[in-house]
Amino acid sequence: MSNDVTDGAQTDEKAPAPDLTTLGLIGAVARAMTEHQTAVIAPKVNAAKEPLVAEFLSRKQPNLIVEIGGEEIGHYKVNLTKARFEVDDEKVFDAYAEDKGEYDVLIVRKPSFEKAVLAHAQRDPETGAIFDSRSGEVIPGLKFVPGGKPTGTVTWTWKTFKKQPTGKAALMAALRRGELDDLLRETPELLPKAQPGARDE
């Protein structure tokens, strides 16, 4: 065991610091692993992104639950745009900003004014007119952009219990037990050639 005392060695003694050559070798190994991560593993992290976005566009499926042995380990979620207001007619909205005295010295509308107006904009469901919820005044030069369209990205979330990533632990346990060997046969580059303690085939 790692805590055993052998040959009279004291457990509180620190191991000698590795020499410069060893540190260099450790650095080289770490660099090789980082480059392998970047080139081989990282592109596979979001392998489900494009098919899931396509599935959303065709059938409105917003997420993909990932399971091992019937246990959820996490899920991907299609990120969607949010409904918002934006400037549609620059000249008309500029005139509105100028009328309100919300122009900077450079004769551009103040970003703080635009942000505040967009934050308080509302749309009349009957007429479609866009107005300021603070004053009821119709705001010229804006348009309403409905949300719900895919942004082209997805978000992964590990299944958790009491804030612990239980899904990740379940995945790694299944990986160690060899339950994913068939799945990973087509992507052997994701695993080291030999795993310490791995069972013989």
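Mentor: Two residues are said to touch, or to be in contact, when they have heavy atoms within 4.5 Å of each other. The model is predicted: local features need pLDDT of at least 70 and side-chain atom pairs count only at pLDDT 80 or more, whereas totals for chains, interfaces and linings use all residues. Residues are numbered from 1 along each chain as its sequence is written, and side-chain values use heavy atoms, with hydrogens and water left out.

The part to examine is strand E3, residues 84–87. Helices (H or I, at least four residues) and strands (E, at least two) are DSSP runs, numbered from the N terminus. The protein chain has six helices and seven strands, in the order α-α-β-β-β-α-α-β-β-β-β-α-α.

In a regular strand, side chains alternate between the two faces of the sheet. In E3, Phe 85 and Val 87 form the covered face, while Arg 84 and Glu 86 form the uncovered one. E3 runs antiparallel to strand E6 (residues 142–145), to which four bridges join it; strands count as paired if DSSP finds at least two bridges between them. Within this pair, Arg 84 lies opposite Val 145 of E6.

Buried means under 20% relative accessible area, exposed over 50%, and partly exposed in between (1.4 Å probe, protein chains only).

Leaving aside residues up to four places away in sequence, Val 87 touches Phe 93, Arg 109, Glu 114, Gly 141 and Leu 142. Phe 85, for its part, is touched by Gln 122, which, with the same exclusion, also touches Ala 129, Ile 130, Phe 131 and Ser 133. Gln 122 belongs to strand E4 (residues 121–123). Gln 122 and Phe 85 are 37 residues apart in sequence and 8.6 Å apart in space, C-alpha to C-alpha. Gln 122 is called partly exposed because its relative accessible area is 40%.
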